[in-house]
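Trainee: I am new to this structure. Could we go through how its parts pack?

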Amino acid sequence: MVWTMTLAGIAALAWGSSDFVAGVCARRMPIRTVLIGSKLAGMLFAVAFLAVRGQPLAADARLFLTAAAAGAIGLPAMGLLYRAMRDGSLAVVAPVAAVAALVPVAWGLMHGETFGPAAAAGGVAALAGITLASWPVTPSRPGDPLRGHHSPATVKTAVCGAGAALGFGLYFVLLHEAAPGDPSGATAYVRIAGGTLALLVLLARPIRSPAPSVPRGRSVWLLPAVVGVLDTVADGAFAFAAAAGTIGTAAILASMYPAVTVLLTTAVLRERLPRVHLVGVLSALVAVACLAV
């Protein structure tokens with residue numbers, strides 16, 4: 001259980017950092033640049049890992065198909081999330097994560113996984129903390145420093161968030177099911193599949209030259225590349241966590257990454273942490289304690 005929590009915690013840290021960087025990128029450059037750049041970087045990182053690992057991959061048709069399905073779902077899910085972060089608040093990842101975690105939990109329950117009273121309480125606390133830790137806030141007082149940083153979710157943003165949630169939930173399940181005996185190989189296959197799909201999209205519709213306000217040159221691709229590497233690390237950590245324990249517990253713990261995004265937003269962008277976000281972070285900590293029992 002400790003090993004599962006450690007790996008899921010690494011996944012949460014990496015995903016939370018990735019979403020923070022991606023949210024900043026989505027407001028400075030076209031979403032397709034962020035999405036395709038991150039997917040291609042993740043694919044190259046996975047290929048480099050396989051080259052260093054030196055272990056042959058299993059020629060398993062089921063693995064290929066599952067990885068391809070995960071890559072096909074992950075690309076539009078990320079695109080919907082980035083659009084939601086661009087049009088709304090960086091904190092929109094909170095309800096996305098909360099709903100996405102329910103899909104692998106339901107999958108685990110259907111396949112015989114069980115939750116004790118403490119774990120069930122931890123799951124409820126985690127889902128509540130995930131949502132509250134990044135709940136969009138609109139200040140009512142003029143001159144509040146948060147004004148302009150957070151806004152109520154629009155219908156379009158909510159639809160994008162819901163679509164991303166469903167996609168991420170299915171992505172978690174497919175990543176776990178790809179190859180339980182070889183989580184690193186499964187992660188590499190999934191990232192290569194996603195990168196290949198992104199490359200096909202890029203060839204079919206090349207990215208236009210950036211707008212004058214967007215940094216040119218290498219800086220255009222540097223931050224999306226960071227997003228891709230962090231996502232790949234998070235995927236691998238989650239795959240190992242799910243293989244070491246149960247997919248439901250691993251998904252709940254890993255899905256606490258919005259707290260990381262919120263803390264980074266507070267520390268880097270100097271946005272004040274509202275009380276509702278603080279309650280959410282504390283709730284997430286309570287969830288970790290319950291799930292560790």
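Mentor: Helices (H or I, at least four residues) are DSSP runs, numbered from the N terminus. This is a predicted model, where local features need pLDDT of at least 70, side-chain atom pairs count only at pLDDT 80 or more, and totals for chains, interfaces and linings use all residues. Residues are numbered from 1 along each chain as its sequence is written, and side-chain values use heavy atoms, with hydrogens and water left out.

Trainee: In which helix is the place of Thr66?

Mentor: The helix in question spans residues 61-87. Thr66 therefore belongs to helix α3.

Trainee: Is Thr66 buried or exposed?

Mentor: Buried means under 20% relative accessible area, exposed over 50%, and partly exposed in between (1.4 Å probe, protein chains only). Leaving aside residues up to four places away in sequence, Thr66 touches Leu174, Glu177 and Ala178, where contact means heavy atoms within 4.5 Å. The relative accessible area of Thr66 is 13%, so Thr66 is buried.

Trainee: How are α1 and α9 placed to each other?

Mentor: Axes are lines fitted to C-alpha atoms, for helices over the stretch in contact, and angles run from 0 to 180 degrees between N-to-C directions. Angles under 35 degrees count as roughly parallel, over 145 as roughly antiparallel, 65 to 115 as roughly perpendicular and the rest as oblique. The angle between α1 and α9 (residues 247-254) is about 40°, with the axes 8 Å apart. The two helices are therefore oblique.

Trainee: How many charged residues has the contact of α1 with α9?

Mentor: In α1, Thr4, Met5, Ala8, Ala11, Ala12 and Trp15 meet Ala250, Leu253 and Ala254 in α9. Ala, Val, Leu, Ile, Met, Phe, Trp, Tyr, Cys and Pro count as nonpolar, Asp, Glu, Lys and Arg as charged, and the others, Gly among them, as polar. By class there are eight nonpolar and one polar, and the charged count is no residues.

Trainee: At what angle do α2 and α7 pack?

Mentor: Helix α2 covers residues 31-53 and helix α7 residues 183-204, with axes 8 Å apart. Their angle is about 140°.
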